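Trainee: I am new to this structure and would like a close look at a single part of it. Could you take me through the open sheet and what surrounds it?

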Amino acid sequence: MSTLRFQAIKETLNRKPVQVNEPARRSEIFGKHVFNKAAMRQHLTKEAFKSVLDAMTNGSKISREVADHISTGMKEWAIQNGATHYTHWFQPLTGATAEKHDAFFELEMDGEVIEKFGGGQLVQQEPDASSFPNGGIRNTFEARGYTAWDPTSPAFIMGTTLCIPTVFVAYTGEALDYKTPLLRSLQTIDQAATDVCKYFDKNVSKVTATLGWEQEYFLIDSALANSRPDLVLAGRTLLGHASAKGQQLDDHYFGSIPSRVMNFMRDLETECMLLGIPVKTRHNEVAPNQFELAPILKKQI
């Protein structure tokens, strides 16, 4: 193990920073890979655009006919931006995201291939719910779970895949993901907060919850990480010295950012901008190799 550790350190010291090319102006690429309002105005009919906005703002239903128009516009936008597949993207109770990729094509009866993505494929899919954590609410032979499109979260492109944010529920209506309870909580907060606000202003009709998160993370060279059984097997530190409890590491906080880390941050921020994530702040945190990323406060979901 000690030999492996020395080899990992040697490999780490010989690495060179990866060059990252950033755009001249981030405003030019912000939300480029997101099916946002600007993209919807360009690719949807007025009726479809109005229906999506009404669903996002008021939670109104979208008819199947309008869903067909939306799916066609979304498909054309995605293909123009290099997408070849689509997926219902959701957060099951595994602690990770889940996705199943399908291509934008269908075989016709005469053997011809066409690019196709209909409203039914946009609105709902039926994954095998028994293969995800479900709390024992069904047997395998009853495994019917549904992913349903959530229009309050815009679709986006990762690589060559159009990701459609969805909720994941059982055929009996129980939530099988983390997003469904969050959406229900937001609705409850909206109703309760609106009732309170009406005591002061009767014209208040809606209260929107906002989220201002900070993402703190550690960066570890892959060679060093692979030499640690605890990181490989458990994904966290289980061995080593206890954390410092005083101000021993205050020189690291807000210190100069190493060149390799800076290039990682630049690459990460570029990807965030393409996905419409308004990241603004970056800095060293207190612990060695700990850093922080923070966006501008924005609407929840």
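Mentor: Happy to! One term first: a residue is called buried under 20% relative accessible area, exposed over 50%, and partly exposed in between. Keep in mind as well that this is a predicted model.

Now to the sheet. Three strands make up this open sheet, in the order β10-β12-β11, and their pairing is antiparallel. At the edges are β10 (215-218) and β11 (279-284), each of which pairs on one side only. From one strand to the next, the twist averages 20°. Strands of a sheet pair through backbone hydrogen bonds. Between β11 and β12 (residues 290-295) there are 5 bridges, and you can find T281 opposite A294 in β12.

Next, look at helix α9 (residues 259-274), which packs on the sheet and touches β10, β11 and β12. The direction of α9 makes about 165° with that of β11.

Helix α9 also holds R260, while D221 sits in the loop between β10 and α7 (222-226).

A second salt bridge to look at joins D230 and R228, with 2.8 Å between the closest N and O atoms. D230 is buried at 6% relative accessibility, and R228 is partly exposed at 22%. Finally, D221 and R260 belong to a network with E11 and R15, joined by salt bridges that share partners.

Note on methods: Residues numbered from 1 in each chain as written. Predicted model: local features only at pLDDT ≥ 70, side-chain atom pairs only at ≥ 80, totals over all residues. Heavy atoms only, no water. Pairing = 2+ DSSP bridges. Helix = DSSP H or I, 4+ residues; strand = E, 2+ residues; numbered from the N terminus. Axes fitted to C-alpha atoms, helices over the stretch in contact; angles between N-to-C directions. Contact = heavy atoms within 4.5 Å. Salt bridge = Lys/Arg side-chain N within 4 Å of Asp/Glu carboxyl O. Buried < 20%, exposed > 50% of the residue type's maximum accessible area, 1.4 Å probe, protein only.
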